[in-house]
Amino acid sequence: MTDKIQPMASSTKGVKHALETAISKFTNATIKKRKVMAEMQINQYLAPGLEDSLFGKLTEEVMFHILHRLSLNDLSQMSMASKAFGKVIYAYVTEEQFAMRVARLLIKIPISSVMLLEQSQYVGRLLKRVSFLFTVDFRLKFFHQHIQKVQRLVEKESANSLPIDTLPFVGAVLQSFIAGWDEGECLKVFTFMSDCLFLYRSISRFVCDAPGTDLDNELFLRRNLRYLFLDRCVTDYDRAIWIGFISNQIGTAQLAKVLLLLYCPINTHGQIDWSFAFNVRAFQQHTNVFFKLAKTIGILQLIPNWSPSLSLEVLVYISNVPNCWLLRSFSSVLLPLSSIDMNLVVKYFEILYKSGRASTASLLMALALMISPQFIGHNFRNEIVVDRSCVHQLISNIINAPRLTPERYVVVKKLWGAVLTLADDFAETAVQDEVHGGNNNDTIDDFHDLMDAWKDLSIILIYASCTKGTPRSKEDEPRAIHYHKKQLCVYEKTEADVVQVQ
């Protein structure tokens, strides 16, 4: 038994020794590997040529210190020099050190400054270039992680001072980050950011409630949609793409409500002023708001698979949000919109006349004439210019619309009647104010604006109603001319009465 047991014991010792040796070697190799990775983690990103250079022999800490001294623009350009440099800078960008660098920019530079906007574009371009080899989903997660890190550091560093609004900066970085992406990739961006911020849920709550019900949700939705997607767009087509993504989730009636939410003025309490359209002097106080609304409605036609009838629906629905507008306020939207999409405005007036609302249509045209001096010469961001010829063309196109040919004489007659009605109202109001010792300057100014605008168009109306298109009969021409001359006499008499009151 002893002779048979000894070889077995010897064999057991050999196996045990072999296992211990293997485990020891594996453990030592692992420890050594971890030590090397801890000391020179950056080496995994270096190509053989770069690794053998002086730069490649530096430690990660020294490399990052050098990169920290470069400007954001230099880093962005350097990341495109080679894949190796791109990977090294990617490793630097993912570090807390870089996030702190960006956070300090937000703390030191005012949010509204041009310099911060320029720096935000550099940050977005840098993030874009160091991640261009990755998938869209990974790049969006990379962007979001970086932004969250920066926002957390800004909040921490400014804990003892006034809070810093980082959303404008985030929006500028995002637009620079996704510049050049196609429509499918932008849809992924909108979906990803909406999921992160619960924008779809916020939109659903807003469109189901009456305006002004949830003020916090309204401000949250307005700020995020404008700062992240709309305000930093380079072209109208880009802005239309984002609006199209919003419209995919809701109908045209709800879209009209959202568009009004985006561009309503903010009151002195920091809340959305839903009642601005009821202000008699809104066309003077909120001229830019009307230009923005007109611009947004005009670019809806750029949305892929969008039909002109949908733009017309949005325009009609906007006039009913929150309940209805003063006619002079809605004419303040139609006037600049006519310089963007004249056909859309003409179709809107055709609907009014065909649906038995000729009086409303005539008053809208008359009020558009009255407020036109406020809009003529107002250059909105070098994009929309309303001049005198635009106002003339609007009236002429409505009168000569093919669908209104049978009612052309009636249209002109009611338009004259609306102008004279407004003139009589202004004159009476001015007299009443004068009797009671009130200030009638605004009323008299409105009256003179109406008279001056109508003088310019009187001859155009005579020829537009008689020579354009097919006349109803030859007898209509002299009758129309006689009618216009008669109205001009009444017009001049009314103006003389108001001047006498002054």
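Analyst: **Aromatic rings and their surroundings**

Start with a charge and a ring. The charged end of lysine 257 sits over the ring of phenylalanine 206, 5.1 Å from the ring's centre. Keep in mind that this is a predicted model. Phenylalanine 206 is buried, because its relative accessible area is 3% and the cut-off is under 20%.

Phenylalanine 198 belongs to the loop between α10 and α11. Its relative accessibility is 48%, so phenylalanine 198 counts as partly exposed. Look at its backbone too. Phenylalanine 198 has a positive phi of about 60°, although it is not a glycine. Most residues other than glycine have a negative phi.

Asparagine 305 is another residue with a positive phi of about 60° that is not a glycine. Find asparagine 305 in the loop between α16 (287–298) and α17 (308–318). Asparagine 305 counts as exposed, with 83% relative accessibility.

Now turn to rings that pair with rings. A pair of aromatic rings is described by the distance of the centres and the angle of the planes. The count for this model is 21 aromatic pairs. Take phenylalanine 190 and phenylalanine 229. Their ring centres are 5.0 Å apart and their planes stand at 50°, so this pair is tilted. Phenylalanine 190 is in helix α10 (residues 183–197), and phenylalanine 229 is in helix α12 (residues 215–230). The two are 39 residues apart, and the pair links distant parts of the chain. Both phenylalanine 190 and phenylalanine 229 are buried.

Next, return to phenylalanine 206. Its ring pairs with that of tryptophan 274: the centres are 6.2 Å apart and the planes are at 20°, so the pair is stacked. Phenylalanine 206 lies in helix α11 (residues 199–208), while tryptophan 274 lies in the loop between α14 (252–263) and α15 (282–285). The pair therefore ties together parts that are 68 residues apart in sequence. Tryptophan 274 counts as buried, at 9% relative accessibility.

Rings can also join in a group. Phe276, Phe290, Trp325, Phe330, Tyr348 and Phe349 form a cluster linked by ring pairs.

What lies around the phenylalanine 190 ring? Leucine 225 sits in helix α12. It is buried, with a relative accessible area of 0%. Leaving aside neighbours within four places in sequence, leucine 225 is in contact with Phe190, Leu199, Leu230, Ile246, Val258 and Leu262. Leucine 225 and tryptophan 242 are 17 residues apart in sequence, and their C-alpha atoms are 8.9 Å apart in space.

Helix α10 also holds serine 194. Serine 194 has 1% relative accessibility, so it counts as buried. Not counting residues up to four places away in sequence, serine 194 touches Leu199 and Tyr200.

Now follow helix α9 (residues 167–177). Eleven of its eleven residues are buried, so α9 is largely enclosed by the rest of the structure. Among these buried residues are Phe169 and Phe177. The buried residues of α9 pack against α6 (96–108), α7 (114–130), α8 (136–157), α10, α12 and α13 (236–247).

Phenylalanine 98 is buried, with a relative accessible area of 0%. Setting aside neighbours within four places in sequence, phenylalanine 98 is in contact with Leu72, Tyr92, Val93, Leu126 and His146. Its C-alpha atom is separated by 9.0 Å from that of valine 150, which is 52 residues away along the chain.

The axes of helix α3 (residues 60–69) and helix α5 (residues 83–93) come within 10 Å and cross at roughly 85°. The two helices are therefore roughly perpendicular to each other. Phe64, Leu67 and His68 of α3 meet Val88, Ile89, Ala91 and Tyr92 of α5. Of the residues in this contact of α3 with α5, six are nonpolar, one is polar and none is charged.

Definitions and conventions:
Residues are numbered from 1 along each chain as its sequence is written. This is a predicted model: local features need pLDDT of at least 70, side-chain atom pairs count only at pLDDT 80 or more; totals for chains, interfaces and linings use all residues. Side-chain values use heavy atoms; hydrogens and water are left out. Rings of Phe, Tyr and Trp (its six-membered ring) pair if their centres lie within 6.5 Å; planes under 30 degrees apart count as stacked, over 60 as edge-to-face and the rest as tilted. Helices (H or I, at least four residues) and strands (E, at least two) are DSSP runs, numbered from the N terminus. Buried means under 20% relative accessible area, exposed over 50%, partly exposed in between (1.4 Å probe, protein chains only). A charge sits over a ring if NZ of Lys or CZ of Arg is within 6 Å of the ring centre and within 35 degrees of the ring normal. Axes are lines fitted to C-alpha atoms, for helices over the stretch in contact, and angles run from 0 to 180 degrees between N-to-C directions. Angles under 35 degrees count as roughly parallel, over 145 as roughly antiparallel, 65 to 115 as roughly perpendicular and the rest as oblique. Contact means heavy atoms within 4.5 Å. Ala, Val, Leu, Ile, Met, Phe, Trp, Tyr, Cys and Pro count as nonpolar, Asp, Glu, Lys and Arg as charged, and the others, Gly among them, as polar.
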